Every structure is written in structure tokens, then in C-alpha cells.
Amino acid sequence: MLKLFEKSTVVQALVILLVTALLWFKSFINPQPMMPTDNYAPLYNLLCSLHPSPVLSTIIAMTLVVLGGFFFNIMVAGVGLASQNSLLPTLLFIMAMSAVSPALTPSLLAALIVIAIIKMLMLRSSLLAVSSDKIFGVASLIGIASMIYLPALTLVAAYLLIAVNYRLYSWRDWMVFLLGLLAPYLLLWSVQLFTDDLVDGFAAMGDELSNLTLTVGSFSTLQSFANITLLTAFLVSLFVVWRRLGEKPIVWQKNATTVMLVTVAAIAMLPFTQVYPVNLQFFAVPFAFCLSQRFALSSHRSRTSRSSWRSHLFDILFILILIAAVVC
């Protein structure tokens, strides 16, 4: 099945459309409106003031996820992290973004910004450096994402590790990052100052950042099994890809490491949100990359082996992941 999926663009597009329809079917049956949140999310609450209908909100959310998946696919293929002919990263990204309660939520919007952040950090030549304007842009995007969904500030932790990976140690790099992170907030605080909301805004930020709880949501046995299946598949694939990094060129290693380090931010976010079932939206980028690499590796091995049992095993795993994403 994986071989057929990789060879035929038409089959890939049809599978993506079918899986997307299955994942979002419940959301269209019972569409959820955009509701202002009590948490600190000034940009999201501003979008809520437009009062889109529940159906329109669901259509916008699904469209953004699908477009985000294709954009992510183009990005990883453009830097050699995925095959030019494969849409598997798109499918896996859509699955991770849509697996748990798909709707136009702050976490969904902020998670989509991660793609733009990663794109700015991708290396495209043997010059292993990131320019100051890209550092500023990355920091500004993190700031904007946190104004939509405050726990997205944990992306700073991922950036710090990425900075070590790229050796961005100079004081100028740190100052540029700090100024970029503050830039959207300075604009927001200026507006809040004139509307007498500045003190309330700081208080809301402090309350949310200090509210660390290990929350467990409601779930059925089947949903629990599905969530565990997706997490296990991701963690195993992450380990396998990380272990084989040394077999790749240095630029590939740097880019792949950047993508996988987003996992750190996603894990750090759990105490601010819900520990279980795990919302995979902030795991979507490394999830799609690691699993697509794992399946690509299995496809390569099956071509060089006399036995096809490994190919069938990964076909079953692929189907299980599809089912698990729908069940979640």
C-alpha cells in the first residue's frame, strides 16, 4: 500500500481527501463556533469578534490544516528532507492536526505558525548559519503565536536548543531574538495602554503562566488506545530517525534536528494544557516528518530484500495509524 501511495500522485490526493473527510466529519455534523477564551489570547479573541458562523469556522479550520500540510510538504521536499513525489508528510500532518477535536481553536492556529517558523530556520546551502533577519522573524512569529495561544511561548525553549545546534552564540543573535520576540508585544501593549487594559493584560498573562496543572481529560477506552498508538508510533520513529542522523549529510542533519526539536516545545506545553489524551497539534511537524522518514526507510529496505514481510508489516502500521487518527 505504501508503495502505491508513493508512486501515484492521484492515489495520494484521493487518500488525503478521504482521510480529511473522515477526520472532520464529526466537526461538520456538530460544528463548534469560535468562542472567546478566558485565557490570555488577545489575537484569538480579536478574531472571535468577527463572529464567523460555526460552519464557516469549521471550513476555515479544515482549509488551513490542509493548506498547512501541503506547505509543510513543499518545505521539507525543498530542502531534501522528503521525496519530491511523496505527499505522505501532508497526510501525516493533517492526521496529527485533526486527530483530537478538530476545530478553529487557539492551539490549532498557533500550531500552524510553527511551519513558518521552521521554514525560516531551514538551511539551503553548505553555509551553516541563519541570518539576523530570519532570527528576528522567527522570534516575532513566536510572539504572535503566543498572543494567539500563550503556551506557545514554550517554542522559545525549542529555539534555544536550535540556536545551540546552529551555534548562534553571539550577543547580537540573542539581542535580535529578544527584540523580535518583544516586537509584537510592544505594539499590543501600546494599544492596551491607551485602552486601559495593560494592567489586566499583565495579570492575565501571569495567571496563565503560573497555572501549571497535570490535567487529564475525558476519554473512552478506544480513544485512549488510539492516542497511545499515535504517540508510540511517533516516539519510535523519532528515536529511529535521530539514531540514523549520522548517515546523512551535515545540512540534512541540521535541518532534521531543527524539525525534531519542536518536540521539546510540545512536551513543555503539556502542563499548561492537558497531559492526556495528548493534543498532537504542536507535535504535528515532527510527527509528520519522523513517520514519513520511517515509512520511506521501510520502503527502501523492502526493495532490497527478498522477503516482503517487512513491507506488509509497515502497511499494517500505516493503516493502524490512519484508523487511530480517525478514532481519536
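# Rings, helices and turns in a predicted model

User: Is Tyr185 buried or exposed?
Analyst: The relative accessible area of Tyr185 is 4%. Buried means under 20%, exposed over 50%, and partly exposed in between, using a 1.4 Å probe and protein chains only. The value of 4% is under 20%, so Tyr185 is buried.

User: What kind of model is this, and from which number are residues counted?
Analyst: This is a predicted model: local features need pLDDT of at least 70, side-chain atom pairs count only at pLDDT 80 or more, and totals for chains, interfaces and linings use all residues. Side-chain values use heavy atoms, leaving out hydrogens and water, and residues along each chain, as its sequence is written, are numbered from 1.

User: How many aromatic pairs are there?
Analyst: Rings of Phe, Tyr and Trp (its six-membered ring) pair if their centres lie within 6.5 Å. By this rule, the number of aromatic pairs is 9.

User: What is the arrangement of the aromatic pair Tyr159 and Phe177?
Analyst: Tyr159 lies in helix 8 and Phe177 in helix 9 (residues 171-194), 18 residues apart. Both Tyr159 and Phe177 are buried. Planes under 30 degrees apart count as stacked, over 60 as edge-to-face and the rest as tilted. Here the centres are 4.1 Å apart and the planes are at 0 degrees, so the pair is stacked.

User: What is the arrangement of the aromatic pair Tyr185 and Trp189?
Analyst: Tyr185 and Trp189 form a pair with 5.5 Å centre to centre and 40 degrees between the planes. Both lie in helix 9, 4 residues apart, about one turn of the helix. The pair is tilted.

User: Which residues form one aromatic cluster?
Analyst: Tyr185 and Trp189 are a pair. The cluster consists of Tyr185, Trp189 and Phe202.

User: Are helix 4 and helix 6 roughly parallel or roughly antiparallel?
Analyst: Helices (H or I, at least four residues) and strands (E, at least two) are DSSP runs, numbered from the N terminus. Axes are lines fitted to C-alpha atoms, for helices over the stretch in contact, and angles run from 0 to 180 degrees between N-to-C directions. Helix 4 (residues 54-78) and helix 6 (residues 106-121) have axes 10 Å apart, at about 20 degrees. Angles under 35 degrees count as roughly parallel, over 145 as roughly antiparallel, 65 to 115 as roughly perpendicular and the rest as oblique, so this pair is roughly parallel.

User: Which residues of helix 6 make the contact with helix 4?
Analyst: Contact means heavy atoms within 4.5 Å. Helix 4 brings Ala61, Leu64, Val65, Gly68, Phe71, Phe72 and Met75. Helix 6 brings Leu108, Leu109, Leu112, Ile115, Ile118 and Lys119.

User: How far apart are the C-alpha atoms of Ala152 and Ala265?
Analyst: Ala152 sits in the loop between helix 7 (132-148) and helix 8 (155-166). Ala152 is buried, at 0% relative accessible area. Ala265 is 113 residues away along the chain, but the C-alpha separation is 7.8 Å.

User: Is the peptide bond from Tyr276 to Pro277 cis or trans?
Analyst: Most peptide bonds are trans. Pro277 lies in the loop between helix 13 (262-269) and helix 14 (284-304). With omega near -5 degrees, the bond from Tyr276 to Pro277 is cis.

User: What is the phi of His51?
Analyst: Most residues other than glycine have a negative phi. His51 lies in the loop between helix 3 (42-48) and helix 4, and is exposed at 66%. Its phi is positive, about 55 degrees.
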